[in-house]
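Please examine the sequence and the three-dimensional structure shown below. The explanation after them is written for a reader who is new to protein structure.

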Amino acid sequence: MRASSNRWGFSEMSNWKVFCKVEDIPVLGSRRIARPGSTDVAIFRNTEDKVFALLDRCPHKGGPLSQGIVFGESVACPLHNWTIGLADGCAKAPDVGCTQRFAVKVEDSQVMLDTDELSTLALGQTVVADVVAVGAETAAAERPSV
Amino acid sequence: MKKMKLVMVGNGMAGVRTLEELLKIAPDLYDISVFGAEPHPNYNRILLSPVLAGEQTLDEIVLNPIAWYEEHGIKLHLGKKVVDVNRARRIVIAEDGTEEPYDRLLIATGSNPFIPPLPGKDLKGVIAFRDIADTHVMIETAKTHKHAVVVGGGLLGLEAANGLMSRGMDVTLVHLAPWLMERQLDDVAGGLLRKSLEERGMNFRVETQTQELVGGPDGRVTSIKFKDGSEAPADLVVMAAGIRPNTELAQKIGLHCGPQKGGGIVVNDTMQTITDPRVYSVGECASHRGIAYGLVAPLFEQGKVCATHLAEFGIGRYTGSTTSTKLKVTGIDLFSAGNFMGGPECEEIVMSDPYGGVYKKLVLQDDKLVGACLYGDTVDGSFYFKLLREGRSIADIRDKLMFGESHLGDSGHAGQNKAAAMADADEVCGCNGVNKGTICKAIKEKGLFTLEEVRKVTKASASCGSCTGLVEQLLMFTAGGDYSAAPKKKAMCACTDASHQDVRDAIRSEHLLTIASVYERMSWRTPNGCSSCRPAVNYYLISTWPKQAKDDPQSHFINERSHANIQKNGTYSVVPRMWGGTTNSSELRRIADVVDKFKIPTVKVTGGQRIDLLGVKKEDLPAVWQELGMPSGHAYGKTLRTVKTCVGSEWCRFGTQDSTKLGIDLERALWRMYAPHKVKLAVSGCPRNCAESGIKDVGVIGVDSGWEVYVAGNAGIKTEVAHFFCKLKTAEEVLEYAGAFLQLYREEGWYLERTVHYVARVGLDYCKAKVLDDAANRKALWERLQFSLDGEPDPWFEFEKAGVDARQFQPVGVL
């Protein structure tokens, strides 16, 4: 698991909160963390029990990624079948675009996310189509360096 | 570990394609060196014709720039002709003395133009049309000289003649046979082609043999003399009398070559030379099962097989290709494949409109399409080519065959069928909004050659596929690729080489019950498939082994997991079931109450006679279902959707049968039926057919004496009128026959294949044999369907039994 960091890169400011257990997420499935006033965050679980978190919004036309089919370390967007990498939030070629990713920590089967990230990154409601594409680029640019 | 050394002799399209395939699957296995006799990196030789015609530039046809070789660490020896190979010591020797040792050697020397041994063939101004240098000579000569003669009226000769003419030369084309392109066209099509080119100003001398080329004092050709004594002025003579595999090096180093005049280096199915297993050969120089191919698609297939073998995967065999031909002369559409001449054993279907410039000939033998020759309208070329390769019986579509695949409606691209006539801004793919310019740009810039590649990069024709013919034409004109020689067997997806049929067969014959066991048994490349193969495999398991194989909810598209239709903004639509399209006041009242209570923004009547509630939030779905208190309409699944009915004899003054009752009975018997794709039925009470039975998977029409049953209709992208299947006396019979037909489709259809496609694939006669002629089989099918459906839960009310994960409706937490 990578070191957590918020958008400014200050890792010491992390504020981990337990949201669920790994078992609460279906294998090759996902759950949502609601962020009132902002787009939900989707958390995914693969067959190796790795857990990933992405903004629940496809960089293409804003589809809810939490509703997609999970395979390997990817999810297929339910609207137009773009394949989004769970680890980096980026579309697989030839499609282009990224969605915001969020740090996840799993300890003793407890799934934790950083509330600082959740309350600061990719805020606002889902907007559709072209506007999202611009937002997606911004999100990619803002992604903290690993 | 020390890398092995791979040396390639020849730097052309087939060879470099092989390297590309190899680098994709085993990038670090070899140190690679390439020898090219020409001073250029790999370019698209097929596009020399458009370059000559001034439609493209040389820069545009380079496929792999020098940087590509550097990027992949390939040592490139340009302008060095290989003159010898010491096979004992495994060293390649070039003309200038350069040596390269090898562990594996790939010979891809291509072909040489055949120059007939005529007096004067070595004069200045006498050239072939094979490489960039020849093209340069032609372009330069056109600037300073007037008279050009092209010898040979085949594909290449015509393209050369057309190019020279467009550069302002006065061109005479000399041809030995009585008509042009006699190896690709019959006499009629050849005549039309000649007429069209004559109208553009080209001169022809057919059935004419050349005697000699006459030179002037400066050593340059001045005229051409024919056997009949006549003569024509000539400042430039282009020899296009065919090509021969370039086996000079191979013969010198003792590799076995084919005996006949055109014989190439003999290779086996893994593209190894039969003389020396360390030495491979691909491309125009290779002779596989007696054939040296000259078109790009088979050569790329060879390259792929060769690459997997070089990569030591040991999979894949090349087993030969059926090829087709198209001419790259702008404004002339021409297609031929197979045995286009016909013969005593064959039958022909011909459509000829010489004034309209359209000619189509289809050659049939034993109810199969064995050849096609199209002139003027080639949009159905790929359709015929597919039928030809598949070798399926066309008896059931014979009456419509001549009109092609698209005659029954072709939505999405404004009925266009000539890509060349379209403007760059014109939309080709209506589903994905891709215009002609975008496709051509992608083909050029990304070096695309196949339909699949274009679909992947641009999405054009990747959704409904109705514009496939147009995209193929664009590929033809832009890349010159012989796009259509796709392999007979298509892999399910990138996770596997297995086809849909392979997977179905294995699941049945080996009694496989889980997705994991299928993936293991069939050596899937990915741990848990992808969004395209996993739903398919899951369907094959539960349809082959009902009540044994367990349905996997995570292998369903979201609509079948949430039992509602996802909309563009992430909300859902809910369609409650109304048997046969009938409802009553209490259902309508409940619907109205639900709409108010859950603030559902849109209520719409559907084409299938149901009521659609759009814009329901996912969290509200379970409560909406409960309060509606109506069964799931399955409007979201690969399932029976609706049975549409007219009011029938109960009310209608024309009605002959009680269509509403039969529709309700059918719907009650078949609801919850999952299938390869959605299934729609209709029942009309008289031949006025108000329920539109003619465009349904199963359509029933009441007549005074009983019921007519139609199957495999489709109202979608390609509107297809259903085929008459049988006439029955009673409603009970309709249930049994319709059910048996649908069960056949459920057991044999490929995932996402509608009945229209399934029946097109297996043939209506096959379905009739299984359902109509074989009563025992019909009853068995009908029983198996009932067994499958027995006890199937309603997913709106029986979450546990239906495997509905109720957790999905609530967030796991709130920030």
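Predicted model: local features only at pLDDT ≥ 70, side-chain atom pairs only at ≥ 80, totals over all residues.

Residues are numbered from 1 along each chain as its sequence is written, and chains are lettered from A and ligands numbered from 1 in the order in which they are written.

Chain B contains 25 helices and 37 strands; helices (H or I, at least four residues) and strands (E, at least two) are DSSP runs, numbered from the N terminus. The C-alpha trace of chain B spans about 105 × 70 × 55 Å along its principal axes. Of the 815 residues, 47% count as buried, a residue being buried if 20 or more other C-beta atoms, placed from the backbone, lie within 10 Å of its own.

Helix H20 of chain B, residues 659-670, has 12 residues. From its first C-alpha to its last it reaches 16 Å, close to the 16 Å expected at 1.5 Å a residue, where the expected span is 1.5 Å times one less than the number of residues. Which residues of H20(B) are buried? They are B:Ser659, B:Thr660, B:Leu662, B:Gly663, B:Leu666, B:Glu667 and B:Leu670. These residues cover an arc of only 165 degrees around the axis, which puts them on the same side of H20(B); the arc is that of the directions from the helix axis to the C-beta atoms. After H20(B) comes B:Arg672, whose phi is positive, near 75 degrees.

The strands E13-E14-E15 of chain B, in that order, form an open sheet with antiparallel pairing; two strands pair if DSSP finds at least two bridges between them. Strands E13 (210-215) and E15 (231-233) of chain B stand at the edges, each with a single partner strand, so one side of each is left without a neighbour in the sheet. Strand E14 (residues 221-226) of chain B pairs with E15(B) over three bridges, and B:Ser223 has B:Pro233 as its bridge partner in E15(B).

A further open sheet of chain B has four strands in the order E28-E29-E31-E30, again with antiparallel pairing. Within that sheet, E28(B) and E29(B) pair over two bridges.

Methods: Buried ≥ 20, exposed ≤ 12 C-beta atoms within 10 Å, placed from the backbone.
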